[in-house]
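Subject: Structure handover and notes

Dear colleague,

I am passing the structure on to you below, together with some notes on what was found in it. Please read them alongside the coordinates.

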Amino acid sequence: MEKKTAWVLSGGGSLGAVQVGMLQALARAGMVPDLVIGASVGALNGAFYAASPSREGVDRLAEVWSGLMRRDVFPLTLWAGLKALLLHRDHFVEATRLHALIRRALAIERVEQARIPLHIVATNALSGAEVVLASGAVDTALLASTAIPVVFPHVRLDGRYLVDGGVSSNTPIATAVRLGAQRIIVLPTGTTCAATEPPSDMAALALHMLSLLSMRQLDRDVQIYANQARISIVPPLCPLSVSVFDFTQTAGLIERSARQTDEWLAGGGLEHTGPLHVPLAHHHRPRVPAGAAVG
């Protein structure tokens with residue numbers, strides 16, 4: 001029986017541009033998965049790809065990313081913060097601009113309309129449990145998956161209060177296994193591994209800490225599920241000093257990631273096995289994982 005292949009895309013704010021470069025390289029190599037699973041920004045990229053799984057579709061996604069500015073996704077201002085405090089809100093900003101971007105750029109209206117089966121991961125804000133959305137309005141599902149606590153409001157759907165999928169499973173390998181995938185290719189956003197000090201911006205600091213935790217969870221999950229699926233991790237970029245809130249360098253990140261992934265594929269990265277080696281800090285000597293695969 002042919003093995004089912006899943007692409008799993010993690011969250012990571014503006015570092016989602018790194019995933020776009022990975023998708024470009026994988027598309028150029030003629031690779032197409034059987035299902036796509038994403039959390040947070042990985043859900044956004046995964047939805048765009050699953051709706052149009054082609055080189056041209058990924059190139060259009062790269063164009064969208066290259067034109068993004070921080071205010072298009074995170075319109076955080078001093079006034080927004082003061083307003084949230086004065087009105088006793090549980091979030092700083094509405095997701096209005098992100099919603100408009102999704103509606104404008106995405107070619108499908110419902111999750112089940114994707115050309116490749118799409119699974120969007122969110123988190124139940126009351127229990128912390130992972131919630132996998134495989135049908136329904138795609139914009140609602142994506143707003144739930146990207147609803148960073150405190151930054152954006154939660155999304156109420158089918159009686160549940162949903163927030164960012166990265167809270168419960170930033171890289172949902174377990175979900176891929178439950179869905180029957182025997183071959184899993186992970187597209188991580190990585191971390192700001194070349195930073196010399198933590199971000200000074202409160203929201204950026206929170207996302208940075210979450211990304212560090214998520215990369216370590218990725219390491220753990222690969223080890224846990226190694227006997228159930230063959231798992232390969234496309235190497236993230238390092239050194240990298242771009243903040244997860246910085247959208248001024250997306251074009252460069254896409255180009256650099258695509259080039260690195262091309263080289264990794266040409267070197268047989270998908271065939272290599274061994275322990276996971278993901279750079280997490282600037283004092284580590286940057287080393288591209290030779291496939292970073294287990295299985």
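The notes below cover strands, nonpolar cores and salt bridges, in that order.

Please keep in mind throughout that this is a predicted model, and that the values quoted here are computed from it.

Strands first. Strand S7, which spans residues 183–187, pairs with S8 in the parallel sense, and 4 bridges join the two. Within that pairing, Ile 184 has Ile 231 of S8 as its bridge partner.

Turning to the cores, the largest nonpolar core holds 67 residues, and the residues with the most contacts inside it are Trp 65, Leu 106, Ile 120, Leu 142 and Leu 187. Apart from this core lies another one, of 20 residues, which includes Ile 173, Ala 181, Val 186 and Ile 233. In general, nonpolar side chains tend to be buried together in soluble globular proteins. As for Ile 120, if its neighbours within four places in sequence are left aside, its contacts include Gly 38, Ala 43, Val 111, Val 131 and Leu 142.

Finally, the salt bridges, of which a search of the whole structure finds 6. One of them joins the side chains of Arg 28 and Asp 262, with an N to O distance of 2.7 Å. This pair links distant parts of the chain, as Arg 28 sits in helix H1 (residues 16–28) and Asp 262 in helix H11 (residues 250–266), 234 residues apart. Arg 28 is partly exposed, at 37% relative accessible area, and Asp 262 is likewise partly exposed, at 31%.

Another salt bridge is formed by Arg 103 and Asp 139, whose closest N and O atoms are 3.5 Å apart. Here too the pair links distant parts of the chain, with Arg 103 in helix H6 (residues 96–105) and Asp 139 in helix H7 (residues 138–145), 36 residues apart. Arg 103 counts as exposed because its relative accessibility is 57%, which is over the 50% cut-off, whereas Asp 139 counts as buried because its 12% lies under 20%.

A further salt bridge brings together the side chains of Arg 110 and Glu 112, at 2.7 Å from N to O. Arg 110 is partly exposed, with 37% relative accessibility, and Glu 112 is partly exposed as well, with 40%.

With best regards

Key
Residues numbered from 1 in each chain as written. Predicted model: local features only at pLDDT ≥ 70, side-chain atom pairs only at ≥ 80, totals over all residues. Heavy atoms only, no water. Pairing = 2+ DSSP bridges. Core = buried A, V, L, I, M, F, W, Y, C linked by side-chain atoms within 4.5 Å. Buried < 20%, exposed > 50% of the residue type's maximum accessible area, 1.4 Å probe, protein only. Contact = heavy atoms within 4.5 Å. Salt bridge = Lys/Arg side-chain N within 4 Å of Asp/Glu carboxyl O.
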